[in-house]
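Welcome to this tour! Keep your viewer open, and select each stop as we reach it.

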Amino acid sequence: MTIANALGGEFELGGGLAVNRVGFGAMQLAGPGVFGPPKDRDAAIAVLRRAVELGIDHIDTSDFYGPWVVNELIAEALHPYASNLVLATKIGAYRDDKANWLPLNHPAALRSQVHDNLRRLRVDALDLVYLRDMGPQDGIAFADQVGALHELKQQGLIRTIGLSNVELDHFEEARAITPIASVQNLYNAVNRTSAALLRATAEADVAFVPFFPLGSGFADSRARGDDTLKSIAGKHGVTQAQVSLAWLLNRSRNVLLIPGTSSVEHLEENAAAGALSLDETDTAQIDALVADGETLEEAH
């Protein structure tokens with residue numbers, strides 16, 4: 001297994017943007033709890049630069065990581081950006097002084113957040129902007145939120161639009177307003193609650209980006225999920241994380257990965273997951289952990 005062929009092939013996001021299927025999620029480059037500066041700023045910069053060296057051309061971020069910290073790190077490490085680098089960001093929330101994640105989804109606030117991301121990332125247009133659904137706020141219609149992003153796209157400030165943490169009906173409603181390039185939702189080997197949305201995006205040739213792609217199956221040692229992943233990892237001489245990521249890539253051709261880390265070593269391991277081939281037995285064992293629409297806790 002080599003880094004050179006580890007990025008899973010390409011997927012077309014729309015708007016002339018094609019990315020390798022293994023990308024990088026920059027959230028963990030901020031301080032503990034995704035709040036404040038990193039413990040080691042130089043190490044965070046090194047991770048970003050190594051990601052690009054590995055051929056990763058899709059970096060996921062947001063102004064509310066830190067807040068502001070991660071976008072500023074990206075600009076410091078990588079600007080001026082490579083012509084093929086796609087930066088995806090999220091809007092619709094903010095952090096208070098106690099590090100809480102709170103909704104901020106009024107159309108005027110969404111426009112302001114787009115301009116904030118533009119400034120901190122030092123770009124004239126944002127490649128991909130996700131509308132992060134944090135729940136209802138003051139009765140603001142979801143259609144009005146999507147409409148605000150559509151207007152910004154028409155103005156040339158956004159190239160493509162995505163949705164994050166949404167239900168299937170949100171996806172369908174948004175697509176009636178504007179083209180949707182990507183959906184970012186919770187999905188992994190032990191949580192398949194977004195299975196219907198994954199199928200819908202695949203049918204529409206829209207990217208599906210699982211957040212928490214490693215799930216809890218290996219992280220907190222839930223017996224059945226952990227044992228299954230551990231067994232397959234041992235068989236291939238790889239890590240459980242790599243098995244989880246390879247399974248996601250095999251799940252559907254529209255799946256894009258953005259595993260996050262603050263370690264160059266773990267970054268390289270995650271990138272190499274694209275070169276891991278799981279056989280039919282491996283895939284069947286992981287598939288059997290959880291039914292579509294369920295979590296491991298519900299299944300057992």
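Is T89 buried or exposed? Select T89 and look around: T89 is buried, with a relative accessible area of 1%. Here, buried means under 20% relative accessible area, exposed means over 50%, and partly exposed is in between (1.4 Å probe, protein chains only).

Before moving on, a note on what you have open. This is a predicted model, in which local features need pLDDT of at least 70 and side-chain atom pairs count only at pLDDT 80 or more, while totals for chains, interfaces and linings use all residues. Residues are numbered from 1 along each chain as its sequence is written, and side-chain values use heavy atoms, with hydrogens and water left out.

**Around T89**

T89 sits in strand β5. Strands (E, at least two residues) and helices (H or I, at least four) are DSSP runs, numbered from the N terminus. Now show what T89 touches: leaving out residues up to four places away in sequence, its partners include T61, N71, N117 and Y130. Contact means heavy atoms within 4.5 Å.

**Helix α2 and the core**

Next, select residues 69-78, which form helix α2. Eight of the ten residues of α2 are buried, among them N71, L73 and I74. The buried residues of α2 pack against α1 (41-53), β4 (58-60), β5 (86-91) and α3 (107-121).

Widen the view to the largest nonpolar core, which has 79 residues. A nonpolar core is a set of buried Ala, Val, Leu, Ile, Met, Phe, Trp, Tyr and Cys residues joined through side-chain atoms within 4.5 Å. Helix α2 gives the most to this core, with seven residues. I74 is one of the residues with the most contacts inside the core. Beyond four places in sequence, I74 is in contact with residues including A26, L48, I59 and L121.

**Where α3 meets α4**

Now select α3 together with helix α4 (residues 142-154). How do their axes cross? The axes come within 9 Å and cross at roughly 40°. Axes are lines fitted to C-alpha atoms, for helices over the stretch in contact, and angles run from 0 to 180 degrees between N-to-C directions. Show P107, L110, R111 and V114 in α3, which meet residues of α4 including D144, A148 and L152.

**Last stop: N105**

Finally, select N105, in the loop between β7 (101-103) and α3. N105 counts as buried, at 2% relative accessibility. Setting aside neighbours within four places in sequence, N105 is in contact with residues including G92, L110 and Q145.
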